[in-house]
Amino acid sequence: RLRASIGTRAAAAPPASVAGAPRADMGGCCSADGGAKASVPVVKLDARHSGPKVILSSFAVSGSGTALASCSCEQERAYWEVRVLRQGKIHVGVSQMRRRAELAAAIGDGETSWGVDLSVGGDNAAKEDDIVGVLFDASERPQLRFTLNGDDVPEWTIDGIKGTVFPAVSVGDNAICDCLFQSGLFDYPLPERFQAIIPSRSMI
């Protein structure tokens with residue numbers, strides 16, 4: 001089970017961005033030649049690749065629609081976390097790059113996007129303060145696995161992922177989520193053999 005490698009909640013997780021003081025921005029863009037004093041680019045939700053009615057604030061996403069991360073999943077194994085700050089319509093997973101108008105809809109069509117539905121009223125409804133861990137594993141065949149508050153949830157596993165994909169989250173009906181891509185912000189330790197998303201060369 002993944003639980004053995006994930007362990008318990010980290011002792012000093014930073015506060016949620018809309019539930020307290022915002023987290024400090026960590027880094028900025030750096031040059032391709034690794035020039036002096038250049039910082040590592042930050043992976044975060046990208047306003048350029050979000051639905052027209054999506055609202056991004058620090059690490060939080062609200063409004064209505066889908067937001068993609070600023071970096072695709074290019075490594076073999078990647079891990080990130082989504083913290084539920086307010087219930088509503090929530091889908092968590094990955095998506096291929098899509099036009100902005102298409103990002104008005106939730107992910108999970110099984111053709112260009114894949115995700116688990118955590119919306120209120122569904123079988124997998126997430127509660128406030130739940131931490132959803134997302135494990136993208138392309139070591140054999142692209143697959144998504146999930147954890148909930150540190151415990152693996154095998155029934156949420158998704159296969160059949162195709163193409164270059166980006167971490168993605170969809171919200172609606174007043175839902176708010178924090179999306180965390182840096183290991184220093186995670187509530188739980190990294191699963192064995194997984195890493196936080198490494199910024200792609202296209203970001204550097």
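User: How many residues of strand β7 (residues 131–137) are buried?
Analyst: This is a predicted model. Buried here means under 20% relative accessible area. Strand β7 is mostly covered by that criterion, and the number of its 7 residues that are buried is 7.

User: Which residues point one way from β7, and which the other way?
Analyst: Both groups are buried. Ile-131, Gly-133, Leu-135 and Asp-137 point one way. The other way point Val-132, Val-134 and Phe-136.

User: Which residue in β7 does Tyr-79 stand opposite?
Analyst: Strand β4 (residues 77–86) runs antiparallel to β7, with 7 bridges joining them. The residue in β7 opposite Tyr-79 is Leu-135.

User: Over how many bridges do β7 and strand β8 (residues 143–148) pair, and in which sense?
Analyst: A hairpin of 5 residues connects β7 to β8. Phe-136 stands opposite Leu-144 in β8. The sense of the pairing is antiparallel, and the number of bridges is 6.

User: What pattern does the chain follow along the sequence?
Analyst: The chain contains 1 helix and 12 strands. Read along the sequence, the pattern is α-β-β-β-β-β-β-β-β-β-β-β-β.

User: What percentage of the contacts with a separation of 6 or more comes from residues 24 or more positions apart?
Analyst: A contact requires heavy atoms within 4.5 Å. Among contacts in the chain with a separation of 6 or more, the share from residues 24 or more positions apart is 69%.

Methods: Residues are numbered from 1 along each chain as its sequence is written. This is a predicted model: local features need pLDDT of at least 70, side-chain atom pairs count only at pLDDT 80 or more; totals for chains, interfaces and linings use all residues. Side-chain values use heavy atoms; hydrogens and water are left out. Helices (H or I, at least four residues) and strands (E, at least two) are DSSP runs, numbered from the N terminus. Buried means under 20% relative accessible area, exposed over 50%, partly exposed in between (1.4 Å probe, protein chains only). Two strands pair if DSSP finds at least two bridges between them.
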